[in-house]
Amino acid sequence: MVKHIILWKLREDLTEAEKETVKAGIKEGLEGLLGQVPGLVEIKVNISGRLDSSNCDVMLDSTLESPEALKGYAVHPAHVAVANGKVRPYTCQRTCLDFEI
């Protein structure tokens, strides 16, 4: 099993209202991949409860069956569509941590 954790910082030029809309879209899009992407076991996007001590806005916490499943997830058309349509246009920083469990 592999954990795939991503932290994103949203663009500074977005208003607070826009950020809330973007975060909801990211959550809906990514969590909607469960059942579509082979090897994706669990996926959760945290967009609320952020404390002022945080320096990121959105967290993806996902579990995949294997390193090979992670590679497949990265290029799966449904994932690429969400990444290109709901994530990349609105983020300015991405941090990733992948590890086996």
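Here are some notes on the fold, the helices and a few residues of this predicted model.

1. Ground rules. Numbering starts at 1 along each chain as its sequence is written, and side-chain values use heavy atoms, with hydrogens and water left out.

2. Layout. The protein chain has three helices and four strands, and reading from the N terminus the order is β-α-β-β-α-α-β. These elements are DSSP runs numbered from the N terminus: helices are H or I with at least four residues, strands are E with at least two.

3. Overall dimensions. The radius of gyration of the protein chain is 13 Å, which agrees with the value near 13 Å for a compact globule of 101 residues. That radius is taken over C-alpha atoms, and the globule rule is 2.2 Å times the number of residues to the power 0.38. Along the principal axes, the C-alpha trace spans about 40 × 25 × 20 Å.

4. Of the 101 residues, 39% are buried (under 20% relative accessible area, with exposed meaning over 50% and partly exposed in between; 1.4 Å probe, protein chains only). Take contacts (heavy atoms within 4.5 Å) with a separation of 6 or more: 69% of them link residues 24 or more positions apart.

5. Surface and charge. The protein chain exposes about 5,900 Å², and carbon and sulfur atoms supply 54% of that; the areas come from the Shrake-Rupley method with a 1.4 Å probe, and for residues only the protein chains shown count as cover. On the charge side there are 12 positive and 15 negative side chains, with the centres of the two sets 2 Å apart. Lys and Arg are the positives and Asp and Glu the negatives, with His and the chain ends not counted; the charges are placed at NZ of Lys, CZ of Arg, CG of Asp or CD of Glu.

6. Helix H2. In H2 (residues 67-75), the buried residues are Ala69, Leu70 and Tyr73. They sit on the same side of H2 because their arc around the axis is only 100°, the arc being that of the directions from the helix axis to the C-beta atoms. The face turned away from that buried side carries exposed Glu68, Lys71 and Val75. As for partners, the buried set packs against E1 (2-10), H1 (16-31), E2 (40-46), E3 (58-64), H3 (77-87) and E4 (91-100).

7. Helix H3. Here Ala78, His79, Val82, Ala83 and Val87 are buried. They share one side of H3, since they cover an arc of only 135°. This set packs against E1, H1, H2 and E4.

8. Ala78 and Leu33. Ala78 is buried at 17% relative accessible area, and Leu33, in the loop between H1 and E2, is buried at 1%. Beyond four places in sequence, Ala78 touches Leu33 and Gln36; with that exclusion, Leu33 touches Leu40, Tyr73, Ala78, His79 and Val82. For distances, the C-alpha atoms of Ala78 and Gly29 are 9.1 Å apart, and those of Leu33 and Gly49 are 23 Å apart.

9. Glu31. This residue is found in helix H1 and is partly exposed at 27% relative accessible area. Leaving aside neighbours within four places in sequence, Glu31 is in contact with Ile43, Lys44 and Val45. Its C-alpha atom is separated by 9.1 Å from that of Leu60, 29 residues apart along the chain.

Note on methods
Predicted model: local features only at pLDDT ≥ 70, side-chain atom pairs only at ≥ 80, totals over all residues.
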